[in-house]
Amino acid sequence: MEDVDLKSIAEKLTIRGKGILASDESTGTIGKRLEKAGLQNTEDVRRAYRENFYTADIGNSISGAILFKETLYQHASDGVPFVKCLTSRGVLPGIKVDQGLVPMPGSNGETSTRGLETLASECKQYWQQGARFTKWRAALKVSDGLPSEAAIQRNAQELAEYAAIAQACDLVPIVEPEILIDGDYTLQRSGEVSQRVLQSCIAQLWRQPVDLEATLLKPMMVMPGADASQKASAQDVAVATLDTMRRSVPPAIPGIMFLSGGLSEKESTLYLNAINNLALQQRKDTWALSFSFGRALQASVLQLWTVERTGHVPQGSAKGMAEALARANAAAAKGQFQGPHPSITSLAGTLRENF
Ligand code: 5MM
């Protein structure tokens with residue numbers, strides 16, 4: 001095995017003004033999205049859809065792409081392996097290594113994540129196949145009594161064990177403790193819960209043989225739940241998010257790569273832009289503050305691709321959308337997004353305003 005410098009991989013992933021494309025939806029999750037768009041959830045449809053991203057001109061905006069196991073072994077329609085499509089564009093291939101959520105016995109509907117038993121042997125195979133970083137997702141529900149301390153501790157411990165195993169296999173770990181958007185919780189409660197969760201994750205990472213300088217964090221931005229009566233502005237989200245990160249995440253961690261978690265494509269970009277603007281103003285850009293978005297980089301691409309397949313928009317439209325969304329978020333990762341937002345819904349809004 002070659003001598004792997006994990007810190008330099010983490011540095012490449014967190015280079016300022018680029019972010020990560022999360023395209024690691026498991027077969028069930030991508031299936032729900034494809035079926036909602038009227039497409040069949042077959043291996044070739046999944047492959048053809050993902051080709052829109054991996055053969056797009058995204059190298060100036062995207063530093064790494066997280067793939068699902070199936071995708072790591074697939075090829076573009078011209079026969080070039082996806083891994084090669086990505087590396088030839090300067091994009092590092094990564095892999096989701098968790099095996100999904102399972103109910104936590106005795107809990108009030110809370111979950112932990114499975115996959116630790118087989119992780120080491122799988123990581124070795126993924127490295128051979130070209131993956132250079134990994135991702136593991138835990139999910140925490142918020143309500144009056146949740147998340148419980150038991151769920152916070154169990155998930156933090158699993159995330160830290162995963163990170164140690166990934167690094168031992170020469171892969172940079174992305175640690176994803178997602179605070180779910182569902183619920184009517186306030187901005188303040190989101191901050192309190194995020195702080196507890198992130199601090200517990202960091203404490204567990206310290207207990208394991210994990211090199212923080214070769215570890216990335218993938219949290220949710222701090223914001224009210226989707227059903228909260230009081231909405232927050234992008235500036236409110238930026239203030240609460242930066243306060244929480246500063247109180248919880250040591251500067252040794254090179255990058256905080258936010259997930260989009262059910263926000264709209266436009267909100268995700270505007271919030272990320274506000275966070276970076278504020279960090280620059282306050283000189284608190286200790287870490288790269290960037291994205292590891294899934295839906296916020298994909299939703300309009302999928303919509304457009306379904307139309308493209310019927311021949312009603314030119315071939316390549318979906319790929320062009322993938323590039324435009326990546327560019328918009330790369331600009332936001334520098335606090336330089338100026339709009340208009342390229343997503344289909346924003347475009348429709350702009351067009352409506354012009355008539
Ligand atoms: C929370 O989901 C992650 C980020 O995507 P969004 O920006 O859309 O929230 C995402 O990487 C997720 O972990 C993968 O899609 C895998 O999800 P499943 O549900 O298939 O495990």
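In strand β8, Leu216 is the bridge partner of Ile174. Before going further, note that this is a predicted model, in which local features need pLDDT of at least 70, side-chain atom pairs count only at pLDDT 80 or more, and totals for chains, interfaces and linings use all residues. Residues are numbered from 1 along each chain as its sequence is written.

Strands (E, at least two residues) and helices (H or I, at least four) are DSSP runs, numbered from the N terminus. Two strands pair if DSSP finds at least two bridges between them.

| Strands | Sense | Bridges | A bridge pair |
|---|---|---|---|
| β7 (residues 172–179) and β8 (residues 216–217) | parallel | two | Ile174 and Leu216 |
| β8 and β9 | parallel | two | Leu217 and Ile256 |

Let's look along β9 (residues 255–258). Gly255 and Met257 point one way, Ile256 and Phe258 the other, and all are buried (20 or more other C-beta atoms within 10 Å of a residue's own, with C-beta atoms placed from the backbone). In a regular strand, side chains alternate between the two faces of the sheet.

The largest nonpolar core has 108 residues, and Ile275 is among those with the most contacts inside it; such a core is a set of buried Ala, Val, Leu, Ile, Met, Phe, Trp, Tyr and Cys residues joined through C-beta atoms within 7 Å. Helix α7 gives the largest share of this core, 10 residues.

Conventions:
A residue is buried if 20 or more other C-beta atoms lie within 10 Å of its own, exposed if 12 or fewer, and partly exposed in between; C-beta atoms are placed from the backbone.
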